[in-house]
Amino acid sequence: FISNIEIKENQDKVKPFIDQLNEYFNGTRNSFDLKIDINSSPFNETVWQALTKISYGETTTYSDLANKINKPNAFRAVASAIGKNPLNIVIPCHRVIGKDGQLRGYRGGLEMKQSLLELESRHTHLS
């Protein structure tokens with residue numbers, strides 16, 4: 001336990017995230033261009049990078065995503081990496097669905113996942 005840590009809010013650094021998320025929810029933004037510095041395993045980072053390539057308003061499956069990163073048998077590992085995504089909307093893991101077309105796990109809950117997909121389907125003119 002470290003007791004001498006001080007957390008300071010920096011509005012200048014947070015503002016671009018707030019602005020771009022607001023634009024996304026207002027239907028005027030379909031991708032993010034934020035400076036993100038997250039570190040994880042190389043596999044997780046590869047999966048997260050692949051998530052950013054899923055087009056706005058589109059979905060893919062866990063197995064298709066595994067194929068895209070050249071790990072066709074790693075769909076369970078892909079699902080695990082998706083579950084560790086620290087930036088759920090900015091790195092759009094809500095766009096990954098089950099092979100049967102059904103919604104599968106989402107840290108924000110399936111209702112939120114459905115809402116995000118519906119939001120994007122209403123604003124696909126941005127793509």
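How much of the chain do buried residues make up? In this predicted model, they come to 34% of the 127 residues. Let's take a walk through the chain and see where some of them sit.

**The overall layout**

There are five helices and two strands here. Now look at the contacts with a separation of 6 or more: 56% of them join residues 24 or more positions apart.

Helix α2 covers residues 42-51 and helix α4 covers residues 75-83; their axes are 9 Å apart and meet at an angle of about 80°. An angle from 65 to 115 degrees counts as roughly perpendicular, and α2 and α4 are therefore roughly perpendicular to each other.

Which residues do the touching? From α2 come F43, N44, V47, W48 and L51, and from α4 come A77, V78, A81 and I82. Sorted by type, the residues of this contact are eight nonpolar, one polar and no charged.

Both helices also have a buried side. In α2 the buried residues are N44, V47, W48, A50 and L51. They span an arc of only 160° around the axis, so they sit on the same side of α2. In α4, the buried ones are V78, A81 and I82. Their arc is 100° when you look down the axis of α4, so they line one face of the helix. Why might such residues line up? An α-helix has 3.6 residues a turn, so residues three or four places apart point the same way.

| α2 | N44, V47, W48, A50, L51 | 160° | α3, α4 and β2 |

In soluble globular proteins, nonpolar side chains tend to be buried together. In this chain, the largest nonpolar core has 24 residues, and the ones that touch the most other members are Y24, V47, L51, L65, V78, I82 and V96. Two or more residues each are given to this core by α2, α3 (62-68), α4 and α5 (110-122). The largest share, four residues, comes from α2.

Setting aside residues up to four places away in sequence, V96 touches L51, I54, T60, T61, Y62, L65, I82 and K113.

**Two asparagines to compare**

Is N88 buried or exposed? N88 lies in the loop between α4 and β2. Its relative accessibility is 16%, and since buried means under 20%, N88 counts as buried. Beyond its neighbours within four places in sequence, N88 is in contact with C93, H94, Y106, R107 and G108. One of these, Y106, is 18 residues from N88 along the chain, and their C-alpha atoms are separated by 8.7 Å.

N10 sits in the segment before α1 (11-26). With a relative accessible area of 32%, N10 is partly exposed. From N10 to K53 it is 43 residues in sequence and 30 Å in space, C-alpha to C-alpha.

Conventions:
Residues numbered from 1 in each chain as written. Predicted model: local features only at pLDDT ≥ 70, side-chain atom pairs only at ≥ 80, totals over all residues. Heavy atoms only, no water. Axes fitted to C-alpha atoms, helices over the stretch in contact; angles between N-to-C directions. Parallel < 35°, antiparallel > 145°, perpendicular 65-115°, else oblique. Contact = heavy atoms within 4.5 Å. Nonpolar A, V, L, I, M, F, W, Y, C, P; charged D, E, K, R; others polar. Core = buried A, V, L, I, M, F, W, Y, C linked by side-chain atoms within 4.5 Å. Buried < 20%, exposed > 50% of the residue type's maximum accessible area, 1.4 Å probe, protein only. Arc of directions from axis to C-beta.
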